Amino acid sequence: MAGFLHLSELTDKPVETPDHLVREGELITVEVAEVDLQHHRVRLSAAGGAERTEPR
């Protein structure tokens, strides 16, 4: 499964691009914050800090 996590969930400091924080393929543990069935959307949250692991 794939999802999208807004950059503001990873940091509150300004960054030019997301690749300053994470790499493509890096696994990040997140929580499902909201499910919008009507619009077929899932909002993800890293509230408590995103747990990162090395890409496989």
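**Strands, surface and contacts**

Trainee: Which residue stands opposite Val42 in E3?

Mentor: Val35 stands opposite Val42 in E3. This is a predicted model, in which local features need pLDDT of at least 70 and side-chain atom pairs pLDDT 80 or more, while totals for chains, interfaces and linings use all residues. Residues are numbered from 1 along each chain as its sequence is written, and side-chain values use heavy atoms, without hydrogens or water.

Trainee: In what sense do E2 and E3 pair, and over how many bridges?

Mentor: Strand E2 (residues 31-36) and E3 pair in the antiparallel sense over five bridges; pairing requires that DSSP find at least two bridges between two strands. E3 itself covers residues 41-45.

Trainee: And what lies between them?

Mentor: The hairpin of E2 and E3 has four residues between the strands, and His40 there takes a positive phi near 55 degrees.

Trainee: What is the overall secondary structure?

Mentor: The protein chain has zero helices and four strands, running β-β-β-β from the N terminus. Helices (H or I, at least four residues) and strands (E, at least two) are DSSP runs, numbered from the N terminus.

Trainee: Back to Val42: is it buried or partly exposed?

Mentor: Val42 counts as partly exposed because its relative accessibility is 47%; buried means under 20% relative accessible area, exposed over 50%, and partly exposed in between (1.4 Å probe, protein chains only).

Trainee: Which residues make the nonpolar surface patch?

Mentor: Val32, Val35, Leu37 and Val42 make a patch of about 410 Å². Patch residues have over 30% relative accessible area and no salt bridge; nonpolar side chains (Val, Leu, Ile, Met, Phe, Trp, Tyr) are joined within 5 Å, like charges within 9 Å. Areas come from the Shrake-Rupley method with a 1.4 Å probe, and for residues only the protein chains shown count as cover.

Trainee: How many salt bridges does the count come to?

Mentor: The count is one, between the side chains of Arg43 and Glu34 at 3.3 Å, N to O. The rule asks for a side-chain nitrogen of Lys or Arg within 4 Å of a carboxyl oxygen of Asp or Glu. Arg43 is partly exposed at 43%, and Glu34 is partly exposed at 40%.

Trainee: What about Glu26: buried or exposed?

Mentor: Glu26 is buried because its relative accessible area is 19%. Glu26 lies in the segment before strand E1 (27-29), and its side chain reaches the backbone nitrogen of Arg23 at 2.9 Å.

Trainee: How much of the chain counts as buried?

Mentor: Of the 56 residues, 11% count as buried.

Terms used
Polar contact = N/O pair within 3.5 Å; in protein donor to acceptor, adjacent residues only side chain to side chain.
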